[in-house]
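Hi,

Here is the structure I promised to pass on. Have a look at it first, and then read my notes below.

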2 protein chains.
Amino acid sequence: MSAAPIVPPTRVLAVASHVVSGYVGNKVAVFVLQSLGCDTAALNTVQFSNHTGYRHWTGTKATAQEISDLYRGLKDNYINDFDMMLSGYIPGAEGVLAVGAIAKELKAASQQRPGDFFWVLDPVMGDNGNLYVAADVVPAYKSLLSYADLIIPNQFEAELLSEVKITDMDSLAAAIQALHTKHRVPHVVITSVSIASPDVPAGHLCVVGSTMTSTGGARLFKAVFPSIDCYFCGTGDMFGALVTVRMREAAATSPSLMARGSWVSDDDVAAVDLPLARATEKVLASMHEVLTHTKDAMQGVVDRTLAAMATEEERSGEKQRMLAGKKAAELQLVRNLDCLRTPEKSIEVRPF
Amino acid sequence: MSAAPIVPPTRVLAVASHVVSGYVGNKVAVFVLQSLGCDTAALNTVQFSNHTGYRHWTGTKATAQEISDLYRGLKDNYINDFDMMLSGYIPGAEGVLAVGAIAKELKAASQQRPGDFFWVLDPVMGDNGNLYVAADVVPAYKSLLSYADLIIPNQFEAELLSEVKITDMDSLAAAIQALHTKHRVPHVVITSVSIASPDVPAGHLCVVGSTMTSTGGARLFKAVFPSIDCYFCGTGDMFGALVTVRMREAAATSPSLMARGSWVSDDDVAAVDLPLARATEKVLASMHEVLTHTKDAMQGVVDRTLAAMATEEERSGEKQRMLAGKKAAELQLVRNLDCLRTPEKSIEVRPF
């Protein structure tokens, strides 16, 4: 493995949650971005002891004012010269709008130099039909969509943003088309699609992406890959960080593309040949390897965690066993740098 | 470069400041620890927009209560199973004592398994004769010294802790001996020694370290290396993170050493053969390479930063030029992973 950076010098503003222990939000994104060579500014929207999947946590949230103040500090010191921004979990609608104001300002500042700023927006709102943010966060994100270059909702978030109920592949395509047409989002990837479909066999997952044409048409591609039978937290954050770097990498192969607003390819580029498609392939390959390693190590982590508990009562406690499982499911990132930088396996996209 | 981890599985609690942009405190330590394969829990004692060398910054500090609460969250979830702890800047004496309470608790929990917990304490208080924390921070650190396994003060901090005025190599040795004898600190490295000495030629710096014997005697070694004529922030934090990993790496070559309290070598091991000496050599080699790359890139960063400013008035402003210099002096870590993992140059320690 060579440590040569895979992207040209890239300065990224990463805005998301921070956990002391474990891997979600910026704790995933910052390490992934840095390992792949990006100079990363990390604006942490919360500092919690651990992710909320453990059910109990301590810590504090940043207010919208604190988020704005931190950005003002950067601006006052001429260190807000970001090439890209990746935003993830933000507590509350006011915070979302504060982060949106940062993105709008950075976008406006790059207006004379198209392609010089690119915002990857992960509209963290919920999953599998459950909203886990306040209801007013949804319209806050909607109001910001037209400033985003790439959005990476899951299926439920894509429904909320597009207002298209997704029940099959046709309505999924309609949702992406609505995001292109109504909200002018140039690039969309729906990161977890759970739709029964002939070409998504049992035990497989599907990701669908598109880069719009100059007339706003969708160019749809999909990737189908074996699922790993386990629930991990932080996978959306890993997807976001990886796709940020890989999109930059793919766009950087063409200087003319990098000098174009939102790095949107010419209309004659087919869906499966899009930079977004190339990026998605590498992202999914890295993720599959990291998740496989994490899964393989899980039982060992559970066993060691339980063995280290002080009493037999603790070791056999239901809560303790649940907590050991949560710890074991934390993404194994730091000892799997190779998977991030140079994934071996390839996951190919195909026409939708 | 191979991405194979250089240490056995290692879980580190890193407690220090966080800056959104740039590289000091945990922003240095967490990346360095993670890149070298440590599963790192990052407890951020502040979140500032940038380091205070820029003169202006925004952000918030964590209270002592918030620090304690974050640790309690970890403990409640059985995720406080740390092999090592690295503590850096902590705002205020109450915060220092709160962090000390965490270290004491982790140390007590490992009492039945000597060597299972190792605390690297960077007593951040000041430099070059200037205290930049409140006066009551000094006794707070003193009260914690006997719980630390390795401390890494600079020369001024070593004076404050040992109460020995350091004016020459003899008094430097006396200060280290006092830290071993009076405070029972097993390992000490004084990270920046500015003493005129025949074997420290002009343009060179010196680092002095020691691991005490079973009778509390010092085993002194030193390293002399060319200085880089520039002021960088975050070098102490880089030293701390690197020495944490490299000490673990050096100790891990001997299973019997790892099973001994504080990883203290047998009395017959000479100073220059100590694991701490081996660790220091690698740390200094990595640092020299990172700082050289940073220095080489500085003028380019200054030029680009000034060129990006909106008006000629800004470009020629004294404040703006100062700020461009601060930005340029930020450690170039993320694109120099090789320097961290596999430094090419070697900096050898010698007898004191």
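Which residues lie nearest the centre of the largest cavity, and how many residues line it? Keep in mind that this is a predicted model. The lining is made up of 16 residues, and nearest the centre you'll find His18(A), Asn26(A), Val30(A), His18(B) and Val30(B). That cavity has a volume of about 180 Å³, and it's the largest of 3 cavities of 30 Å³ or more in the structure.

Helix H1 (25–35) and strand E2 (39–48) of chain A each supply at least two lining residues, and so do helix H1 (25–35) and strand E2 (39–48) of chain B. By type, the lining has 6 nonpolar, 8 polar and 2 charged residues.

The two H1 helices also pack against each other. The angle between H1(A) and H1(B) is about 70°, with the axes 11 Å apart, so these helices are roughly perpendicular to each other. On the H1(A) side the contact is made by Lys27(A), Phe31(A), Gln34(A) and Ser35(A), and on the H1(B) side by Lys27(B), Phe31(B), Gln34(B) and Ser35(B). Those contact residues divide into 2 nonpolar, 4 polar and 2 charged.

Now for the interface as a whole. In it, 56 residues of chain B are in contact with 57 residues of chain A. About 4700 Å² is buried between the chains, with carbon and sulfur atoms giving 56% of that area. Asn77(B), Tyr78(B) and Arg335(B) are worth a click: they supply 16% of the area that chain B buries against chain A, more than any other three residues.

Cheers

Conventions. Residues numbered from 1 in each chain as written. Chains lettered and ligands numbered in written order. Predicted model: local features only at pLDDT ≥ 70, side-chain atom pairs only at ≥ 80, totals over all residues. Heavy atoms only, no water. 1 Å grid on protein atoms, 1.4 Å probe; cavity = no way out; pocket = protein on both sides within 12 Å on 5 of 7 lines; lining within 4 Å. Points joined across faces, edges and corners; volume = space filled by probe spheres on them. Helix = DSSP H or I, 4+ residues; strand = E, 2+ residues; numbered from the N terminus. Nonpolar A, V, L, I, M, F, W, Y, C, P; charged D, E, K, R; others polar. Axes fitted to C-alpha atoms, helices over the stretch in contact; angles between N-to-C directions. Parallel < 35°, antiparallel > 145°, perpendicular 65-115°, else oblique. Contact = heavy atoms within 4.5 Å. Buried area = accessible area lost by both parts, 1.4 Å probe.
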